[in-house]
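Thanks for coming. I have one structure to show today, so let me put it on the screen.

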Amino acid sequence: MTETPEEEPTPAVERVEDEREEPEEADVPEDVQEYARFSKIDGATYDRANEFLRDRTYITAREWAIARLCADFRTETGVEMTKIGENLPELVPFMTDTYSPQAVNQARASFEEKVQKAGATFLYGAMCDFFTAEELDDLMYEVTEVAKFLLEVEGVELTVDEELDAEDRISEVMREVRDRSAGLRHDEVTCPECGHVQEVGDD
C-alpha cells in the first residue's frame with residue numbers, strides 16, 4: 001500500500017546483532033562494496049533521519065534511500081531492484097533488513113508519486129500570485145537548503161560558488177515562472193484534464 005504523508009513513518013527493523021549472519025564479503029557485489037553514498041549516517045540515526053524528512057518533506061527515510069539507489073543502480077535494461085533489495089543493509093547503513101524487488105519498486109513508486117504531488121502543489125503556489133516575488137525568493141532559499149543538506153548526506157560535495165550559482169539559477173527560473181503565470185491568469189485557462197481553453201470571463 002502506498003504511504004501517504006498522514007501515515008506514521010515506516011519503523012526501522014530492529015537489528016539483531018547476535019542472530020543475524022553477516023554476509024561474506026565475497027558474496028557482496030563489488031559495486032555494492034564500493035558504494036558510499038550514505039556513509040555519514042548509520043543505523044542508530046534512522047529515526048532522526050526519518051523525523052527530519054517528515055518535518056520538511058513528504059518522503060520517509062526509506063523512500064529517500066531507495067529512490068537514490070534506484071537512480072544509482074539503473075542500467076540500460078532497467079533498475080537492479082533485486083541487487084538493491086538483497087544488499088540494502090550494506091548499501092544504506094540505517095536500513096537493517098533486506099527487501100524484496102517488489103518492496104523496492106513500491107518504495108520507488110511512492111517516492112515518485114509524492115514528488116509529483118508536491119511539485120504540483122509548489123508550482124501552483126508559485127503561479128497563483130499568493131506569494132510576492134520576495135516571499136517566493138525566501139521560500140526557494142528554505143527548500144533549497146533542505147535539498148542541499150540531503151545531497152550532502154548522500155556524499156555530494158558542493159563548493160560555496162556552486163551553491164550560490166545554483167541558488168541564483170533556481171531563483172531566476174522561479175521569477176520567470178511567476179512572471180509568465182501572471183499572463184496566464186489574465187489571459188486564458190486550459191483545463192489539465194481535457195485541454196479545453198476557457199477564455200477569462202466565460203461562464
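I will go from the overall layout to one helix, and then to a few single residues.

Before anything else, this is a predicted model. The protein contains eight helices and four strands. Along the sequence, the order is α-α-α-β-β-α-α-α-α-α-β-β. Of the 203 residues, 29% are buried. If you take the contacts with a separation of 6 or more, 67% of them are between residues 24 or more positions apart.

Now to helix 2, which spans residues 46-56. Which of its residues are buried? They are Tyr46, Ala49, Asn50, Leu53 and Arg54. Around the axis these residues cover an arc of only 130 degrees, so they sit on the same side of helix 2. The other side of helix 2 has Asp47, Arg48, Glu51 and Asp55, which are exposed.

What do the buried residues of helix 2 pack against? The partners are helix 3, helix 6, which is 101-127, and helix 7, which is 133-153.

Let me take the first of those partners in detail. Helix 3 covers residues 61-72, and its axis is 8 Å from that of helix 2, at an angle of about 90 degrees. Angles of 65 to 115 degrees count as roughly perpendicular, and therefore helix 2 is roughly perpendicular to helix 3. On the helix 2 side, the contact is made by Tyr46, Ala49, Asn50 and Leu53. Helix 3 contributes Ala61, Arg62 and Trp64. Sorted by class, this contact has five nonpolar residues, one polar and one charged.

Next, a lysine. Lys148 is located in helix 7. Is Lys148 buried or exposed? Its relative accessibility is 7%, and the cut-off for buried is under 20%, so Lys148 counts as buried. Leaving out residues up to four places away in sequence, Lys148 touches Leu158, Glu163 and Glu167.

Last, the cysteines. How many disulfides does a search of the whole structure find? The number is zero. Cys128 has 24%, so Cys128 counts as partly exposed.

To recap, helix 2 has its buried residues on the same side, and these pack against helix 3, helix 6 and helix 7.

Terms used: Residues are numbered from 1 along each chain as its sequence is written. This is a predicted model: local features need pLDDT of at least 70, side-chain atom pairs count only at pLDDT 80 or more; totals for chains, interfaces and linings use all residues. Side-chain values use heavy atoms; hydrogens and water are left out. Axes are lines fitted to C-alpha atoms, for helices over the stretch in contact, and angles run from 0 to 180 degrees between N-to-C directions. Helices (H or I, at least four residues) and strands (E, at least two) are DSSP runs, numbered from the N terminus. Angles under 35 degrees count as roughly parallel, over 145 as roughly antiparallel, 65 to 115 as roughly perpendicular and the rest as oblique. Contact means heavy atoms within 4.5 Å. Ala, Val, Leu, Ile, Met, Phe, Trp, Tyr, Cys and Pro count as nonpolar, Asp, Glu, Lys and Arg as charged, and the others, Gly among them, as polar. A disulfide is a pair of cysteine sulfur atoms within 2.5 Å. Buried means under 20% relative accessible area, exposed over 50%, partly exposed in between (1.4 Å probe, protein chains only). The arc is that of the directions from the helix axis to the C-beta atoms.
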